[in-house]
Amino acid sequence: MTERLIRLLRIIMLIQGKPGILGRELAERCETTERTIYRDLELLSTFVPFTSLGHGKGYTFVGSFSMYPLNFTEQEALVFSMLPSVIDQVKPLLPPGFDSAYEKVMATYRKEKARHADVVQQVADIIQLGTPVGRDQDSPNYLFPIIQAILSQHTVKAVYHTQSRNEQTERLIDPYYLIPREQRFYLVGYCHQAEDIRTFRLSRFRSVEITDRTFDKGGFNIRQYMKHTFSIERGNDQIIRFKVRFSPKVARYIKEEEWFVEPRMKDEPDGSLLFEVTLNHDREFLMWVNSYGPEAEILEPRYYRDFMREQLERWQALYR
């Protein structure tokens, strides 16, 4: 998905910028786990020629492979564009060719910026999203401008429909991350109206406009923000420790799921899987467990075993 594509491009740039970079540093810079980085590197190895320099020596490209996009931020481009006026006083001391070299760099930047926008548009076009029931099939897809705003770190002006209150509000949002969940995207970013981090469902945007205002994520860490969050709904201060047994029939499928949480999994002699996870919300996790029907048994907490039994009794009553 888009989140992984952006991370893969980031890994390529980091290896190019620092040959010998270690897996743990890639994980820190990409704000993910080393396990995820190693999976990404395995995928990249199929089309990018890089190699490990050995234990504890990191990664580098093989041969002359490299990528040179001048992916300046808007602030960097602004600073660079002001360079001639800043050095006017020392210009006579500069070697011949400075002006032409500067013009080439800026021309390359503008070309790369246009090409970059084309690539982002192509990525957005490739990702096909469903349309909510009752919505026009030709309704605008705001994935492209939001990806652009995330990459360039520009605030967006948006009209957003809040389902719980059934109302539309105009907001300024600093878009941080896109999170794919169950055939839909969610945007995590700073909402200036709420003065806090919020999660927005992409299909609920009614308009999105990229502003000239830039932002800095500061010390925001998406993994810390999503800690103990099973899917997208974040709880408050509650902590729930679930223990579930999955049958041998579905155990291998559970192991290939990807979450922000890090569950503990233990293989049983009969092929079943013991699954333990600590969460701050229960609804999405219970829906996921329910999707496996009788192949999943909640062992702990006891309250949820009783809850599941009562729910099953109500379901039975519907079909009698």
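## A walk from cavity to surface

Start by selecting Thr229, Phe230, Ser231, Glu233, His281, Asp282, Arg283, Glu284 and Phe285: together they line the largest cavity. Before you zoom in, note that this is a predicted model, where local features need pLDDT of at least 70, side-chain atom pairs count only at pLDDT 80 or more, and totals for chains, interfaces and linings use all residues. Residues are numbered from 1 along each chain as its sequence is written, and side-chain values use heavy atoms, with hydrogens and water left out.

Now for what counts as a void. On a 1 Å grid over the protein atoms alone, a cavity is a set of points where a 1.4 Å probe fits but cannot get out, while a pocket is an open set with protein on both sides within 12 Å along at least five of seven lines; a lining residue has an atom within 4 Å of a point. Points are joined across faces, edges and corners, and the volume is the space filled by probe spheres set on them. By this rule there is one cavity of 30 Å³ or more, and the largest cavity has a volume of about 30 Å³. Its lining splits into two nonpolar, three polar and four charged residues. Here Ala, Val, Leu, Ile, Met, Phe, Trp, Tyr, Cys and Pro count as nonpolar, Asp, Glu, Lys and Arg as charged, and the rest, Gly among them, as polar.

**Next stop: the second largest pocket**

Select Tyr160, Tyr186, Thr199, Phe200 and Arg204, which lie nearest the centre of the second largest pocket, out of 27 lining residues. The space in this pocket comes to about 750 Å³. Which elements each supply at least two lining residues? Colour β3 (154–162), β4 (167–181), β5 (184–191), β6 (196–201) and α10 (283–290) to see them. These labels are DSSP runs numbered from the N terminus: helices are H or I with at least four residues, strands E with at least two. β6 gives the most to the lining, with five residues. By class, this lining has eight nonpolar, seven polar and twelve charged residues.

**Over to α7**

Show helix α7 (residues 143–152), where Ala149 is found. Is Ala149 buried or exposed? At 0% relative accessibility, Ala149 is buried; buried means under 20% relative accessible area, exposed over 50%, and partly exposed in between (1.4 Å probe, protein chains only). Seven of the ten residues in α7 are buried, including Leu143, Phe144 and Ile150.

Then go to Asn166, in the loop between β3 and β4; Asn166 is not a glycine, but its phi is positive at about 50 degrees. Asn166 is exposed, with a relative accessible area of 60%. His228 is another non-glycine residue with positive phi, near 65 degrees, and belongs to the loop between α8 (222–225) and β8 (240–246). At 25% relative accessible area, His228 is partly exposed. For a peptide-bond check, look at Glu300 and Pro301, joined in cis with omega about -5 degrees. Pro301 lies in the loop between β11 (296–300) and α11.

**Salt bridges**

Ten salt bridges turn up in the structure, each a side-chain nitrogen of Lys or Arg within 4 Å of a carboxyl oxygen of Asp or Glu. Pick Asp306, which bridges to Arg302 with the closest N and O atoms 3.8 Å apart and to Arg309 at 3.0 Å. Asp306 and Arg309 are separated by about one helical turn because they are three residues apart in helix α11. A further group to select is Arg245, Glu297 and Arg305, joined into one network by salt bridges that share partners. Going back to Asp306 and Arg302, they are four residues apart in α11, so about one helical turn lies between them. Asp306 is partly exposed at 26%, whereas Arg302 is exposed at 53%. Elsewhere, Arg29 bridges to Glu25 at 3.8 Å, and this pair is four residues apart in helix α2 (residues 23–29).

**Last stop: a surface patch**

Finish with Leu312, Trp315, Leu318 and Tyr319, a nonpolar surface patch with about 520 Å² of accessible area together. Patch members have over 30% relative accessible area and no salt bridge; like charges are joined within 9 Å, and nonpolar side chains (Val, Leu, Ile, Met, Phe, Trp, Tyr) within 5 Å. Accessible areas come from the Shrake-Rupley method with a 1.4 Å probe, and for residues only the protein chains shown count as cover. Leu312 lies in helix α11 (residues 302–318) and is partly exposed, with a relative accessible area of 43%.
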